[in-house]
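Student: I would like to learn how to read the features of a model like this one. Can we take them one at a time?

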Amino acid sequence: MEKRIQPSILSADFTNFERDFASISAADGIHVDVMDGHFVPNMTFGLPMVKRMQEITQLPLDVHLMIDNPDHWAPLYAALGVFSVTFHLEAASDALATGRAIKAMGTRAGLAIKPGTAVSEIEGMIAEFDQILVMSVEPGFGGQAFMQESLDRVAAVRSLIDQQSLPTWLQVDGGIDETNISAVSNAGADTFVAGSAVFKSRDRNSQINLLRELALTSNL
Ligand code: DX5
Ligand code: ZN
C-alpha cells in the first residue's frame with residue numbers, strides 16, 4: 001500500500017509560506033489547516049490565502065476545513081482547484097450533498113471525524129468520499145500528543161473500507177511523529193499529516209522521507 005506524508009502548515013512560518021513550502025519538496029502534499037475561531041478555538045486564514053498558496057507550489061494542497069457551515073464553504077475551496085477538501089461531519093448539515101458538491105468541482109472530497117465521534121456515524125457514507133480523516137487529537141492546535149485510542153478507530157475505518165473494497169484514502173492527523181507512525185500505519189492508515197514533527201526538524205525533507213519509510217516498513 002502506498003503511504004503519503006503531508007506536512008501541516010500550522011507549524012510553518014505564517015509570514016513566509018513560500019520559503020517553508022520550498023523546504024518540504026519531498027512531501028506528497030501540503031496539509032492546509034483552515035480554522036474559523038468557531039468550530040475550533042483557533043483561527044488561521046481563509047479563501048484568499050489558499051488561493052495564493054496554489055500559485056507558489058506545485059505540491060497538491062490538501063485542505064482541512066475546521067470551520068462551521070462547510071456546506072457553504074467547502075465547494076468554494078474546491079473551486080480554487082486544490083487537490084482535496086476535507087470537512088468535518090460534526091459541522092455539516094448535509095455531509096453527502098457537500099461531498100458531492102466538492103467532487104462536482106473535480107476535487108477530491110474528504111470527511112473528517114473528531115476523537116469523540118463514533119466511527120459508526122460515517123459507516124454508510126464512506127463510499128461517497130475519496131478520503132476519511134480520523135483526528136488523533138482534538139482539532140485546533142498543532143503540537144498535541146497523539147491519542148493512543150485513535151489506533152482502534154483507524155483500524156475500524158480500515159476494515160469498513162476494505163469490506164467494500166473501496167479506494168478511499170485513510171488519513172490520520174494529530175501528534176504523528178517517528179515514534180508512532182509505524183503503529184498508525186499498521187492500524188491501516190495510508191496518509192499521514194505531520195506538523196510539528198516535520199517543521200521542527202532541521203532537515204525537513206529527510207524527516208519526511210524517514211516518516212514515509214517507517215510507515216512503509218511497518219507493514220512488512
Ligand atoms: C490540528 C490540525 C493538525 C495539526 C497537526 O487541529 O488539524 O493538522 O496541525 O499538527 P501536529 O502534527 O503538530 O499535531
Ligand atoms: Zn489538520
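Tutor: Start with accessibility. Ser 120 has a relative accessible area of 52%, so Ser 120 is exposed. Exposed means over 50% relative accessible area, buried under 20%, and partly exposed in between (1.4 Å probe, protein chains only). This is a predicted model: local features need pLDDT of at least 70, side-chain atom pairs count only at pLDDT 80 or more, and totals for chains, interfaces and linings use all residues. Residues are numbered from 1 along each chain as its sequence is written, chains are lettered from A and ligands numbered from 1 in the order in which they are written, and side-chain values use heavy atoms, with hydrogens and water left out.

Student: Where is the place of Ser 120?

Tutor: Look in the loop between strand S5 (108-113) and strand S6 (131-135). Helices (H or I, at least four residues) and strands (E, at least two) are DSSP runs, numbered from the N terminus.

Student: Is Asp 20 buried or exposed?

Tutor: Asp 20 is buried, at 3% relative accessibility. Its place is in helix H1 (residues 17-22). Contact means heavy atoms within 4.5 Å. Leaving aside neighbours within four places in sequence, Asp 20 touches Ala 12, Asp 13, Phe 199 and Arg 204.

Student: How many aromatic pairs does a search of the whole structure find?

Tutor: A pair of aromatic rings is described by the distance of the centres and the angle of the planes. Rings of Phe, Tyr and Trp (its six-membered ring) pair if their centres lie within 6.5 Å; planes under 30 degrees apart are stacked, over 60 edge-to-face, the rest tilted. The search gives six pairs. Phe 83 and Trp 169 form a tilted one, 5.9 Å centre to centre with 35 degrees between the planes. Phe 83 lies in the loop between helix H3 (70-78) and strand S4 (84-88) and Trp 169 in strand S7 (residues 169-173), so the pair ties together parts 86 residues apart in sequence. Phe 83 is partly exposed at 32%, while Trp 169 is buried at 15%. Ring pairs also link Phe 14, Phe 17, Phe 21 and Phe 45 into a cluster.

Student: Which charged end sits over the ring of Trp 169 at 4.0 Å from its centre?

Tutor: A charge sits over a ring if NZ of Lys or CZ of Arg is within 6 Å of the ring centre and within 35 degrees of the ring normal. Here it is that of Arg 108. Arg 4 also lies over the face of Trp 169, at 3.4 Å from the ring centre.
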